[in-house]
Amino acid sequence: SITLRKQSSSVTTFSYTASFRTQVFSPERSIPEGAKAYFSSASSTERFVRTPKLNQVITDSSGRKFAFVDLNPSKKLKPKVVRGRLEKLRIYEGKQRDIRHSPWRLQLICRHVAGLPLEDALTHLEFLNKSKAPLVQMVLKRTSNLADIRDGLQPSQLEVAECFATHGKHLKRMKIMGRGRHGIMHHRFSHMRVILREIDFPLKIYTAKTVNEKKKWLEHQLRAQAEFDTANAKRDELKRLERMAELKQKEKENAAKT
């Protein structure tokens with residue numbers, strides 16, 4: 001929520017306070033009633049208590065202007081605040097057991113994608129020269145499908161929170177060596193666990209250190225919201241068509257009985 005306070009009679013009349021000091025204003029977002037005169041057009045991004053610098057006003061691919069204003073740039077979020085926000089996000093778990101691969105080698109692939117957005121992780125795995133990279137990519141896609149089925153979240157709204165490999169059940173076999181000697185040979189198996197988490201875009205924008213990073217996350221948020229709305233519209237249309245088909249089927253059955 002945004003709280004407005006009148007400070008002076010100049011153009012920059014209002015200030016704001018919120019849980020996140022860095023705020024993103026755009027014409028498309030809902031504006032409080034008392035500030036509609038100051039946030040009614042794209043040029044209104046320059047009407048703040050502290051007029052943003054030129055490098056703080058960015059323009060996305062569609063031509064809309066956004067401004068980032070930090071009222072307290074030296075203050076960082078406390079770890080408990082970040083942890084509290086992350087605990088409220090939706091998570092989805094994926095597993096793959098008994099993989100015929102060394103856990104150390106599989107861990108190298110998991111470490112490569114851990115912490116990345118899901119789209120970036122899938123792109124990296126597409127070109128990663130490792131034998132089990134397609135398997136990790138399959139597990140990520142399967143877990144993202146689970147998120148789509150449960151809550152309708154799209155891959156652009158997810159990130160790889162955790163991805164790691166552990167030891168499975170190793171098989172011992174005899175190793176034949178020279179001069180009548182023998183040893184033990186291990187056929188190693190691994191288990192893999194993946195956690196996909198919903199992206200907290202306001203937190204990403206706040207913690208970004210440069211304006212370019214803020215712009216990247218802002219455009220990512222707009223694209224993810226557009227994909228989410230499109231997917232929901234398609235899902236609603238499919239449900240409507242299914243209901244119409246059921247009604248027609250019932251009408252045919254009733255007509256056949258009469």
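## Reading the salt bridges

Me: I see that the side chains of Asp200 and Arg85 are joined by a polar contact of 2.7 Å. What counts as a polar contact?

Reply: A polar contact is a pair of N or O atoms within 3.5 Å; within protein, one must be able to donate a hydrogen and the other to accept it, and residues adjacent in sequence count only if both atoms are side-chain atoms. Before going on, note that this is a predicted model, in which local features need pLDDT of at least 70 and side-chain atom pairs count only at pLDDT 80 or more, while totals for chains, interfaces and linings use all residues. Residues are numbered from 1 along each chain as its sequence is written, and side-chain values use heavy atoms, leaving out hydrogens and water.

Me: How many salt bridges does the structure hold?

Reply: A salt bridge is a side-chain nitrogen of Lys or Arg within 4 Å of a carboxyl oxygen of Asp or Glu. The structure holds 11 salt bridges. One of them is formed by the side chains of Arg85 and Asp200, at 2.7 Å from N to O. Arg85 belongs to helix α1 (residues 79-87) and Asp200 to the loop between β10 (190-198) and α5 (201-207), so this pair ties together parts 115 residues apart in sequence. Helices (H or I, at least four residues) and strands (E, at least two) are DSSP runs, numbered from the N terminus.

Me: Is Asp200 buried or exposed?

Reply: Buried means under 20% relative accessible area, exposed over 50%, and partly exposed in between (1.4 Å probe, protein chains only). Asp200, at 8%, is buried, whereas Arg85 is partly exposed at 27%.

Me: Leaving aside neighbours within four places in sequence, what is Asp200 in contact with?

Reply: Contact means heavy atoms within 4.5 Å. With neighbours within four places in sequence left aside, Asp200 is in contact with Arg85 and Leu89.

Me: Which residue meets Arg197 in a salt bridge?

Reply: The side chain of Arg197 meets that of Glu159, with an N to O distance of 3.2 Å. Arg197 lies in strand β10 and Glu159 in strand β7 (residues 158-167), so the two tie together parts 38 residues apart in sequence. Glu159 is buried, at 4% relative accessibility.

Me: Where do Glu227 and Arg223 lie?

Reply: Their side chains, those of Glu227 and Arg223, form a salt bridge of 3.7 Å, N to O. Glu227 and Arg223 sit four residues apart in helix α6 (residues 211-257), separated by about one helical turn. Glu227 is partly exposed at 29%, and Arg223 is partly exposed at 35%. Elsewhere, salt bridges that share partners join Glu93, Lys95, Glu162 and Arg193 into one network.
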